[in-house]
Amino acid sequence: MENSTRLSTETLINELQSFGARLVDPSAGHESRRGGAGPSDHKAITIDGMTVMVPVHTAPAFESPYLVEKPDDAGNSRISRDGKVLGEVSFPLRPRFYERSTSDGIPFSQIAVLHGRDVLATTVLQTCIRYQSRTKTCQFCAIGQSLAAGRTVAHKTPQQLAEVAKAAVELDGVKHMVMTTGTPKGDDRGAAVLAESARAIKAAVDLPIQAQCEPPEDDIWFSRMKEAGVDALGMHLEVVTPEIRARIMPGKAQVPIEKYMRSFKAAVKVFGRGQVSTYILAGLGDTREAILDICTQLVEIGVYPFVVPFVPISGTPLESHPAPKPDFMHSILGPLSKMLVESGLKAVDIKAGCGKCGACSALSTYERMLSK
């Protein structure tokens, strides 16, 4: 991006994801999401060819030094900081598949939504055994908010998902799909419903799919998901220090990190190096050293650690928790991106999912700069 202060793209993305942005026209681009399984309270904005999710409905965003002008009819706009224009940005336009409904009458946008620029995303089960109790819920999670507001349905059927996926590919050129789920009762921890959904989608359209769930008790589920059509798998640690996990995500912390590491090793044998990933939310108390230490372990196993800045979501217990400072994110993403490039685990090589999309973190931008 050409601009008067010569901000690098990765620096600009880091600052936008920490500070958020104010919009002259809040309706710019396609509608942003509030609540849900994440990312939430964001708006997709394209900067230097990278589409990133920028917080626009959070408390820090209302006081952000960044301002995005009203876009033209093609979605093109300008971004400024403290009154100085930095350069041009654009908004992905509202997808055409949002205008349609399923054969049983549900608007497509209540079944799956567009993330970033070309990613279809859905939460198959919009309920979670962790969310039902204040003593178990993940303090950052808003999975129940969009359901309570009537913006989605509790259980998306395989047929509904297949209809939406096919239309999103044909009408809007969607390139891959993310399927996450609230954790249901049962030892499969959501793997069964994800496999069932993937099988129906792949029967309807050739679309790479990432499934996301907690580690199932039995490793056989990795093979079952793969056979059903899942191309990549996400099992998300979110927080890496046991004491902080127990405080911020008391229910999910009952599945210990040791179990995650065993499951990562088993999953990599099925999906391959770089096709298994984990989300790590920086800014919730983990030190830089703790995050980089576990990332080193993950990379050795063949797991892609997708480190993203924590974004406080309105209505959650952590809505007033500060987002991490850009310098903190830089101190992690700089060495992590070098580690990933040197080990051959790059976002561009992931078949589907959050790491491939990269919109919630500047990590893939760091990788791209190193690979030039």
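Trainee: At roughly what angle do the axes of α9 and α10 cross?
Mentor: First, the ground rules: this is a predicted model, in which local features need pLDDT of at least 70, side-chain atom pairs count only at pLDDT 80 or more, and totals for chains, interfaces and linings use all residues. Residues are numbered from 1 along each chain as its sequence is written, and side-chain values use heavy atoms, with hydrogens and water left out. Helices (H or I, at least four residues) and strands (E, at least two) are DSSP runs, numbered from the N terminus; axes are lines fitted to C-alpha atoms, for helices over the stretch in contact, and angles run from 0 to 180 degrees between N-to-C directions. The axes of α9 and α10 come within 10 Å, and they cross at roughly 15°.

Trainee: Are α9 and α10 roughly parallel or roughly antiparallel to each other?
Mentor: Angles under 35 degrees count as roughly parallel, over 145 as roughly antiparallel, 65 to 115 as roughly perpendicular and the rest as oblique. The crossing angle here is roughly 15°. α9 and α10 are therefore roughly parallel.

Trainee: Which residues of α10 does α9 meet?
Mentor: Contact means heavy atoms within 4.5 Å. From α9 come R288, I291, L292, C295, T296 and V299. Their partners in α10 are F328, S331, I332, P335, L336, M339, L340 and S343.

Trainee: Which residues of α9 are buried?
Mentor: Buried means under 20% relative accessible area, exposed over 50%, partly exposed in between (1.4 Å probe, protein chains only). The cover over the buried residues of α9 includes α8 (257-271), β12 (276-282), β13 (303-309) and α10 (326-343). An α-helix has 3.6 residues a turn, so residues three or four places apart point the same way. The buried residues of α9 are I291, L292, I294, C295, L298, V299 and I301.

Trainee: Is A290 buried or partly exposed?
Mentor: A290 sits in helix α9. Leaving out residues up to four places away in sequence, A290 touches V240 and T241. With a relative accessible area of 24%, A290 is partly exposed.

Trainee: Which residues other than glycine have a positive phi?
Mentor: R189, in the loop between β9 (176-180) and α5, has a phi of about 55° and is buried at 13% relative accessible area. E238 lies in the loop between β11 (232-234) and α7 (242-248); its phi is about 65°, and E238 is buried at 11%. Among the non-glycine residues with a positive phi are R189 and E238.

Trainee: How are α10 and α12 oriented to each other?
Mentor: Their axes come within 9 Å and cross at roughly 55°. That makes α10 oblique to α12.

Trainee: Which elements do the buried residues of α12 pack against?
Mentor: The buried residues of α12 are L363, S364, T365, Y366 and E367. L363, Y366 and E367 are also among the α12 residues that meet α10. The buried set packs against α1 (9-19), β3 (50-55), β13 and α10.

Trainee: Which residues of α5 make the contact with α4?
Mentor: Helix α4 (residues 158-172) and helix α5 (residues 191-204) pack at about 40°, axes 8 Å apart; α4 and α5 are therefore oblique. α4 brings P158, L161, A162, A165 and K166 to the contact. α5 brings E196, S197, A200, I201 and A204.

Trainee: What does S263 contact outside its sequence neighbours?
Mentor: S263 belongs to helix α8. At 0% relative accessibility, S263 is buried. Leaving aside neighbours within four places in sequence, its contacts are P215, P216, D219, F222 and M235.

Trainee: How many disulfides are there?
Mentor: A disulfide is a pair of cysteine sulfur atoms within 2.5 Å. The count comes to zero disulfides. For C141, the nearest cysteine sulfur, that of C138, is 6.0 Å away; for C213, that of C128 is 12 Å away. The number is zero.
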